[in-house]
Amino acid sequence: MEHQIVDNTSQTTPDAGSVTDVEMLSDAQLAQFQREGFLVVRGLGSPEICRRMRDVAQRDLEAVTGSVEYEIDTGYPGAPESFALPGGRTIRRLLAAHSRDMIFTDWMSQPSVVEPLRQLLGPRLVMPLAHHNCVMTKQPRFSSETGWHQDIRYWSFARPELVSLWLALGSECEQNGCLSVVPGSHQLELGPERLDERLFLRDDLQENQELLERRIPVILEPGDALIFHCRMLHAASRNRTDAVKLSVVFTFRPEDNPPIPNTRSASLPEMLLPPSVKPAGE
Ligand SMILES: O=C(O)CCC(=O)C(=O)O
């Protein structure tokens with residue numbers, strides 16, 4: 001399929017506000033992102049936005065609406081081994097989140113969301129629909145463990161210059177399988193000998209231990225967002241609580257970092273985000 005960009009820049013966004021209302025990333029936050037490859041922005045999704053997104057997710061989980069990824073599809077440790085077994089139909093990701101409800105476009109079009117991304121990636125932002133674009137779920141009884149990996153390992157773009165935005169719809173902690181990250185790992189070139197056949201970091205190798213000792217859990221409250229570089233090593237364990245964990249994840253790139261033709265990254269259309277709403281006179 002020919003690569004396309006969906007231009008929704010003329011779309012109006014309810015309650016979008018203007019850049020004058022927006023809390024921009026400070027110099028210290030920008031320096032932290034450069035150094036560590038991630039940032040946590042507290043309260044990036046309002047309680048009302050999180051509630052509406054949770055409602056959509058719960059509706060679509062119950063009805064199994066749209067395309068989904070099951071735990072079994074991952075083959076990760078802890079995933080059921082057959083659809084026929086208990087938990088075999090446990091959904092891990094509601095795919096194509098962006099087209100499930102207007103709340104996702106409403107949220108990501110808000111200057112408070114898009115302007116910090118512009119600070120990191122430049123003024124013209126594109127959201128690939130082929131990557132993430134999902135509600136990530138961790139169900140109580142049948143969740144799996146995601147090993148240490150860099151998202152870019154399966155992605156194909158001109159440069160490894162993309163960021164993902166992970167919005168917690170509920171609390172995320174070690175007990176329910178929050179993400180852990182290795183600060184600074186976005187600057188590493190990891191040779192193939194340090195990875196397994198699925199390109200996860202091998203945690204059995206002595207030479208990877210120093211890296212893994214630097215890991216930290218990313219504890220999030222509802223509405224907090226993690227912004228992370230596509231090369232940052234991250235992992236997550238199972239949900240050992242009795243409540244589902246729901247997170248919304250989208251990925252962004254600068255306009256001049258296109259997907260490589262005929263790859264999975266170029267297999268779906270993309271969205272241009274609305275331009276900045278500049279205050280009058282600027
Ligand atoms: O929640 C998880 O298990 C981590 C998911 C993840 O890192 C990914 O899909 O790239």
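**Close-up views**

**View 1. Ala 96 counts as partly exposed, with 16 C-beta neighbours inside 10 Å.** The model is predicted, so local features need pLDDT of at least 70 and side-chain atom pairs count only at pLDDT 80 or more, while totals for chains, interfaces and linings use all residues. Residue numbers start from 1 along each chain as its sequence is written. Ala 96 sits in the loop between strand 4 (91-95) and helix 4 (102-108). Helices (H or I, at least four residues) and strands (E, at least two) are DSSP runs, numbered from the N terminus. The phi of Ala 96 is near 50 degrees, a positive value in a residue other than glycine.

View 2. Of its 282 residues, 38% count as buried. Contacts between residues 24 or more positions apart make up 87% of those with a separation of 6 or more. Two residues are in contact if their C-beta atoms, placed from the backbone, lie within 7 Å.

View 3. Which residues of helix 2 are buried? They are Ile 49, Cys 50, Met 53, Val 56 and Ala 57. Seen down the helix axis, these buried residues fall within an arc of 125 degrees, so they line one face of helix 2. The arc is that of the directions from the helix axis to the C-beta atoms. An α-helix has 3.6 residues a turn, so residues three or four places apart point the same way. On the other side of helix 2, Pro 47, Glu 48, Glu 62 and Ala 63 are exposed. The cover over the buried residues includes strand 4, helix 4, strand 6 and strand 13 (245-254). Just after helix 2, Val 64 takes a positive phi of about 50 degrees.

**View 4. Arg 54 lies in helix 2.** Its 17 C-beta neighbours inside 10 Å make Arg 54 partly exposed. Neighbours within four places in sequence aside, Arg 54 is in contact with Leu 169 and Leu 246. Val 135 is 81 residues from Arg 54 in sequence, yet 9.3 Å from it in space, C-alpha to C-alpha.

**View 5. Helix 1 (residues 27-36) lies largely in the open, because 1 of its 10 residues is buried.** Just after helix 1, Gly 37 takes a positive phi of about 85 degrees.

**View 6. Glu 115 is found in helix 5 (residues 111-121).** Is Glu 115 buried or exposed? It is buried, because 20 other C-beta atoms lie within 10 Å. Met 24 is 91 residues from Glu 115 along the chain, and their C-alpha atoms are separated by 6.8 Å.

**View 7. His 132 lies in the loop between strand 5 (125-128) and strand 6 (134-138).** With 22 C-beta neighbours inside 10 Å, His 132 counts as buried. His 132 is not a glycine, although its phi is positive at about 50 degrees.

**View 8. Ala 168 lies in strand 8 (residues 163-168).** Ala 168 is buried, with 25 other C-beta atoms within 10 Å. Beyond its neighbours within four places in sequence, Ala 168 is in contact with Leu 220, Glu 221, Pro 222, Gly 223, Asp 224 and Ser 247. Lys 245 is 77 residues away from Ala 168 along the chain, with 8.4 Å between their C-alpha atoms.

**View 9. The largest nonpolar core has 57 residues.** Such a core is a set of buried Ala, Val, Leu, Ile, Met, Phe, Trp, Tyr and Cys residues joined through C-beta atoms within 7 Å. Leu 165, Leu 226 and Phe 252 have the most contacts inside it. Leaving aside neighbours within four places in sequence, Leu 226 is in contact with Phe 38, Val 40, Trp 166, Leu 179, Val 218 and Leu 220.

**View 10. Met 136, Thr 146, Asp 151, Leu 179, His 234 and Ala 236 surround the ligand.** A residue counts as near a molecule if its C-beta atom, placed from the backbone, lies within 6 Å of it. By class, this shell has 3 nonpolar, 2 polar and 1 charged residues. Ala, Val, Leu, Ile, Met, Phe, Trp, Tyr, Cys and Pro count as nonpolar, Asp, Glu, Lys and Arg as charged, and the others, Gly among them, as polar.

Notes: A residue is buried if 20 or more other C-beta atoms lie within 10 Å of its own, exposed if 12 or fewer, and partly exposed in between; C-beta atoms are placed from the backbone.
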